[in-house]
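Me: I would like to learn how to read salt bridges in a model. Please take me through them one at a time.

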Amino acid sequence: MEKLRHIRIAVRKTVFILILFCFFKSKGQTLGGASAFNFLKLPATPLLSAAGGVNTSYSANDVGLATNNPSLLNSNLHTQVNLAFNSFYAGINAYNLAGAYHSKNWNTTFGGAIFFIDYGVVPQTDAAGNVNGTFRPRDLVFQVSAAKKYLEKWSYGINAKFISSNYLLYSSSAIAFDIGVLYNDSSNHFSASVLAKNMGVQLKGYAGSKEDLPFDLQIGLTKRLAKAPFGFSLTLQQIHQFNILYNDTTFNNDNNFTSNNGFFNKFFNHVVFATHVYLGENLEATIGYNQLRGMELNIGSNGNGLNGFSAGLQAKFKKLQFQYARSYFQRGTAYNQFAVGINLNQLIGLGTL
C-alpha cells in the first residue's frame, strides 16, 4: 500500500509539472487568427464536432477522438480505422484518416492519422484584381501517436505532427506535439484528462518570418449517470490565458457593434459543454455548446440563431460505426461532417497480428 501511495503521488506530480510546463510554454501566444496553422483547431471527427469541437475526456471507443487526445488510445482500438469527411463552407472539404494498433510486446497502443484540407480551385489575382489564372491551396497534417497505460486507471500519450501549408507562392511547414494524461474510472463511468496541444515550432515561415502555433492547454471531465441514459462533458479550453476572445475594435466601431467582454463572458469563453444521450446499446446522440465560438462569430446585437451549438449521432455495430455531426456558425449557416469507422480485426481478421 505504501508503494502504491508513492506511485499515485508521482502521477499527481507529473500532471502538475505538465501544467507548469505548458503554462510557461504558452507565454507570448496569440489570440484569434493571429497565429499560423489555425486549421489545427478544426475537429477532425464528427464525435468531437458534436461535443462542441473541444473535448479531452470523452472516448466513445473511437480512434478519431484519439487523434485529438493521444491518451485516449487503448488496446480496445486495436486495428480500428476511421475515415471522416467534412463538407465545409465555400467548397472547402476536409478529410481525416486515422487508425490504431496495439502492440502486446511493447504494451503500447500506436496511432497514425492524416488530416487534409482541400480549398478547391481559387482564382489567382494581382493587386488590381485582374485574374491571372487559378491555384489550389492545401493544408496537410501527418501525425504518429503512442500511448501507454499506467496502473489501473491512468494512461498517457503523445502526438508528433508534421504540418504543411501550400498557398501558391507561399508555403510553410512546422512540427508540433500534443501531450495528454487521462484518468479513467470505468466502474464509475468517470474520466478526466489534461491535454496540451500544438507545442512546437514553425520550420519555414510563409514570408520568411516565423509565427506562433495555436497552442491550447485544455482540461476536462466526462461523467455518465448510473441510473439514467445521460452523460455530461465539461471542458475548459485555453486555460493558460484568461482573456481569449479575439475582439476587432476597429471593425466593431466602424459598424457600430458592441462587444460584451466582461468578467462573466471572459470566464465562460473557456467553457465547452456537451450532453451525451444513450438511446440504446448501439446508438448515441451528443449535443454541445462552445461559448467562445458563439461569441467570436456573433454579428453585432442581431439574433444569431444556434451559433456555437452542435449536435451529432453515432450508430455502432460489431464491424462498423457510422457518425454524423452538424455544427452551427452564425444564423442559418452550418457544416456537416460524416465518418465511418471500421474494426479491421472483426472485418478481415487482423486482430491476430
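Me: How many salt bridges does the structure hold?

Reply: Side chains of opposite charge can pair when their charged atoms come close. A salt bridge here is a side-chain nitrogen of Lys or Arg within 4 Å of a carboxyl oxygen of Asp or Glu. The structure holds four. This is a predicted model, in which local features need pLDDT of at least 70, side-chain atom pairs count only at pLDDT 80 or more, and totals for chains, interfaces and linings use all residues. Residues are numbered from 1 along each chain as its sequence is written, and side-chain values use heavy atoms, with hydrogens and water left out.

Me: Which residue does Asp178 pair with in a salt bridge?

Reply: Its partner is Lys161, with the closest N and O atoms 3.1 Å apart. Asp178 lies in strand β8 and Lys161 in strand β7, so the pair ties together parts 17 residues apart in sequence. Strands (E, at least two residues) are DSSP runs, numbered from the N terminus. Salt bridges that share partners join Lys161, Asp178 and Lys197 into one network.

Me: Is Asp178 buried or exposed?

Reply: Buried means under 20% relative accessible area, exposed over 50%, and partly exposed in between (1.4 Å probe, protein chains only). Asp178 is buried at 0%, and Lys161 is buried at 7%.

Me: Where do Arg136 and Asp118 lie?

Reply: Arg136 is in the loop between β5 (131–135) and β6 (138–150), and Asp118 is in strand β3 (residues 108–118). Their side chains meet in a salt bridge at 2.9 Å, N to O. Arg136 is partly exposed at 41%, whereas Asp118 is buried at 11%.

Terms used:
Helix = DSSP H or I, 4+ residues; strand = E, 2+ residues; numbered from the N terminus.
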